[in-house]
Amino acid sequence: MKLIFMGTPAFTLPVLEALSKKHELLAIYTRAPKPAGHGMKLTKSAVHEWGDAHNIPVYTPATLKEELVQKEIADMGADAIIVYAYAMMIPTAVLNCTPKGCINIHPSLLPRWRGAAPMVRTIQAGDNETGVSLMRLDEGWDTGPVFGQEKVAIAPDETPESLRDKLNPLAVDMLMNLLDNFYEPTPQSEMGACYAPKVEKTEFLIDWSLTASQIERNIRAFEKCYFILNGKRVKVLKAKVLDGTGATGTTIDDKLQVACGKGILDLEILQKEGKNSTSKHDFLLGTKVPKGTNLCAIN
RNA sequence: CGCGGGGUAGAGCAGUCCGGUAGCUUGCCAGGCUCAUAACCUGGAGGUCGUGAGGUUCAAAUCCCACCCCCGCAA
């Protein structure tokens, strides 16, 4: 089939790779290069780099709302548009400009976790399972009819990255199968629908009044949670939930066990700002954190 | 020129401001003690202090210059 791919981050590459082997990629649409990294250098998206490397035309319009852009897409004569983490509003004209429409990979069991951050929110919520939904985009936010779904269990130590590794192969299989044997999707139910809002950076500062298990899930889901120690950010990259009580937000010993709203959180892997990540053991060699240290303080 | 932290023993850090014997903790090796230990005691190895036969100096981890690399914020 003749396809157009729309996507941006690196984790969409396996899908792109698979598509390129069995189908004809007419064009890639992705986010325009933007300043990123320490030097704020203009950086192309992973998908953009891939397209360059494989000699596939890459387009980076700031919006798809302009008629010229829409006409450009329609004139390519694609059979379908594959959308995976494109992070851009797709207007009706584009939704309907190919025979088979815009086919979207959504990493959740729709209608649960519609929206921007389904994998993060499903881990944060402590769900036991999630999955991939293959759907046709419509005007709503992930409300379109579904071609199919595959479930996976969420492991106790799941992170968005590990989850992607589980979901991606499923997504590839489902998508390839659909393209080989095209069939019509069935409408989504509204039962159990919920939204996965975009992650805000204010969510990264650890609120020790939450339960230890909730904080632990946040640590895994966001992978950027931190507290302030001696005026510096300390990221917590891995932690373990223990039983026990103590003054909320303070250490109950000199080994980085912190009392939470409920339970104790044992901090296992940490990273001081400007430094690489370290095990608890290494961290404590250079930074003493005596019993009773309050980690709630902002300064 | 986005803002900022950092590179010193295998690891995590102090020392740099104010130049003068290379330090701490841990790990490792050997020995001792102990029913036992992530316990304790004794001894030991391990360093081109990111790079530059750079600059200044009697003397540079420390001051000056250039470059390389890592990271936090931000995006």
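**Pockets and their surroundings**

Author: The volume of the second largest pocket is about 180 Å³. This is a predicted model, in which local features need pLDDT of at least 70 and side-chain atom pairs count only at pLDDT 80 or more, while totals for chains, interfaces and linings use all residues. Residues are numbered from 1 along each chain as its sequence is written, chains are lettered from A and ligands numbered from 1 in the order in which they are written, and side-chain values use heavy atoms, with hydrogens and water left out.

First, the terms. On a 1 Å grid over the protein atoms alone, a pocket is an open set of points with protein on both sides within 12 Å along at least five of seven lines, whereas a cavity is a set where a 1.4 Å probe fits but cannot get out. Lining residues have an atom within 4 Å of a point. Grid points are joined across faces, edges and corners, and the volume is the space filled by probe spheres set on them.

The lining of the second largest pocket consists of P156, D157, T159, E216, I219, R220, E223, L237, K238, A239, E268 and I269. By class these are 5 nonpolar, 1 polar and 6 charged residues. Here Ala, Val, Leu, Ile, Met, Phe, Trp, Tyr, Cys and Pro count as nonpolar, Asp, Glu, Lys and Arg as charged, and the others, Gly among them, as polar. At least two lining residues come from each of α7, β11 and β13. Such names refer to DSSP runs numbered from the N terminus: helices (H or I) have at least four residues, strands (E) at least two.

Where does this pocket lie? Both domain 1 (2-196) and domain 2 (201-286) contribute to the lining of the second largest pocket, so the pocket lies between them. The domain bounds come from an automatic or database domain assignment. The C-alpha centres of domain 1 and domain 2 are 34 Å apart. Their contact (heavy atoms within 4.5 Å) takes 12 residues from domain 1 and 9 residues from domain 2.

One residue of this lining, E223, sits in the loop between α7 and β10 (226-229). E223 is not a glycine, yet has a positive phi of about 60°. With 32% relative accessibility, E223 counts as partly exposed. On that scale buried means under 20% relative accessible area, exposed means over 50%, and partly exposed is in between (1.4 Å probe, protein chains only).

The largest pocket has a space of about 1500 Å³. It is lined by 48 residues, and the closest to its centre are A85, A87, G115, A116 and A117. Two or more lining residues come from each of β6 (80-84), β7 (102-106), α5 (118-124), α6 (160-180), α7 (212-222), β11 (232-242) and β13 (264-272). The class count for this lining is 27 nonpolar, 8 polar and 13 charged. The largest pocket also lies between domain 1 (2-196) and domain 2 (201-286), because both give residues to its lining.

A85 belongs to the loop between β6 and α4. A85 has a positive phi of about 55° although it is not a glycine, and at 28% relative accessibility A85 is partly exposed. In the loop between β7 and α5 is P111, and the peptide bond from L110 to P111 is cis, with omega near 15°.

Helix α6 contains N168, which is buried at 7% relative accessibility. The side chain of N168 comes to 2.8 Å from the backbone oxygen of F11, and a polar contact of 3.0 Å links the side chains of N168 and Y84. A polar contact is a pair of N or O atoms within 3.5 Å; within protein, one must be able to donate a hydrogen and the other to accept it, and residues adjacent in sequence count only if both atoms are side-chain atoms. With residues up to four places away in sequence left out, N168 touches F11, P14, V15 and Y84.

As for the whole, chain A has 8 helices and 14 strands. Of its 299 residues, 46% are buried, and the C-alpha atoms fill a box of roughly 65 × 45 × 30 Å along the principal axes.
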